[in-house]
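Please read this note with the model open beside you.

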Protein chains: 2
Amino acid sequence: MLNGTRDTIFIGKKPLMTYVTSAIIQLSTMPVVTLKARGQSIAMAVDVAQVIQRKTNAFEIGKIKIDYESLESTDGKTRNVSTIEIPMKRTW
Amino acid sequence: MLNGTRDTIFIGKKPLMTYVTSAIIQLSTMPVVTLKARGQSIAMAVDVAQVIQRKTNAFEIGKIKIDYESLESTDGKTRNVSTIEIPMKRTW
């Protein structure tokens, strides 16, 4: 999160407000920041988007994309994991 | 799920394939079926949509909406829970 030019925030296991803060900071210098998550973190990505929108009124949610990634698990089998991308846009 | 005219499927705690099967059955008689989920079930709703799309090629994912609901918890406080709506459309 130290890189000031990133337009993507990967949602993982950190507390919700960590991602909310990161996204709002990024959005102060960029018009669009995309929240990305996979698996169980998808629910938190939606939470992050909702909190940003509710708290500020300065951002809107763009076209949400869902997809999947094929990952190889430790037993050598391929598993499909769902992913989500939520673009957050400045409204000003 | 017994009602043949429902165009919404609420994703909860049942196994994934229960919802996949329900959705495909509904889509045989309706052009659009919407998957709805809230909280942690949001991740499963995305899984259901992905499995339907991958298995069949007969359906596409429409415009995804995210929102939140205010629920009163047992201690009387109001909590916001994120929700998702994923419309699945027939491509034929």
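1. Helices (H or I, at least four residues) and strands (E, at least two) are DSSP runs, numbered from the N terminus. By that rule, Thr34(A) is found in strand β2 of chain A. The model is a predicted one, in which local features need pLDDT of at least 70 and side-chain atom pairs count only at pLDDT 80 or more, while totals for chains, interfaces and linings use all residues. Residues are numbered from 1 along each chain as its sequence is written, chains are lettered from A and ligands numbered from 1 in the order in which they are written, and side-chain values use heavy atoms, with hydrogens and water left out.

2. Is Thr34(A) buried or exposed? Thr34(A) is buried, with a relative accessible area of 15%, where buried means under 20% relative accessible area, exposed over 50% and partly exposed in between (1.4 Å probe, protein chains only). Leaving aside residues up to four places away in sequence, Thr34(A) touches Asp7(A), Thr8(A) and Ile9(A), and also Glu85(A), Ile86(A) and Pro87(A); contact here means heavy atoms within 4.5 Å.

3. Turning to the whole chain, chain A has two helices and five strands, which follow one another along the sequence in the pattern β-α-β-α-β-β-β. Its C-alpha atoms fill a box of roughly 50 × 25 × 20 Å, taken along the principal axes, and buried residues make up 39% of the 92 residues in chain A. Among the contacts in chain A between residues at least 6 apart in sequence, 64% join residues at least 24 apart.

4. The helix α2(A) deserves a separate look. With 16 residues, α2(A) reaches 23 Å from its first C-alpha to its last, close to the 22 Å expected at 1.5 Å a residue, the expected span being 1.5 Å times one less than the number of residues. Among the buried residues of α2(A) are Ala45(A), Val48(A), Ala49(A) and Ile52(A). An α-helix has 3.6 residues a turn, so residues three or four places apart point the same way. After α2(A) comes Asn57(A), whose phi is positive, near 65°.

5. Within that helix, Val51(A) is buried, with a relative accessible area of 10%. Which residues does Val51(A) touch, not counting residues up to four places away in sequence? They are Leu16(A), Met17(A) and Val20(A). The C-alpha atoms of Val51(A) and Met17(A) are separated by 8.8 Å, although the two residues lie 34 residues apart along the chain.

6. The structure holds six salt bridges over all chains, a salt bridge being a side-chain nitrogen of Lys or Arg within 4 Å of a carboxyl oxygen of Asp or Glu. In one of them, the side chains of Glu85(A) and Lys36(A) meet at 3.9 Å, N to O. This pair links distant parts of the chain, with Glu85(A) in strand β5 and Lys36(A) in strand β2 (residues 32-38) of chain A, 49 residues apart. Glu85(A) counts as partly exposed at 26% relative accessibility, and Lys36(A) counts as partly exposed at 25%.

7. Another salt bridge joins Glu69(A) and Arg38(A), whose closest N and O atoms are 2.5 Å apart. Glu69(A) lies in strand β4 and Arg38(A) in strand β2 of chain A, 31 residues apart. Both count as partly exposed, Glu69(A) at 34% relative accessibility and Arg38(A) at 42%.

8. In chain B, Glu85(B) forms a salt bridge with Lys65(B), the closest N and O atoms being 3.9 Å apart. Glu85(B) lies in strand β5 (residues 78-90) and Lys65(B) in strand β4 (residues 65-72) of chain B, so the pair ties together parts that are 20 residues apart in sequence.

9. How many salt bridges are counted between chain A and chain B? The count is zero, while four residue pairs across the interface are in polar contact, with both residues at pLDDT 80 or more. A polar contact is a pair of N or O atoms within 3.5 Å; within protein, one must be able to donate a hydrogen and the other to accept it, and residues adjacent in sequence count only if both atoms are side-chain atoms. The largest share of the side of chain A that touches chain B, seven residues, comes from α2(A).
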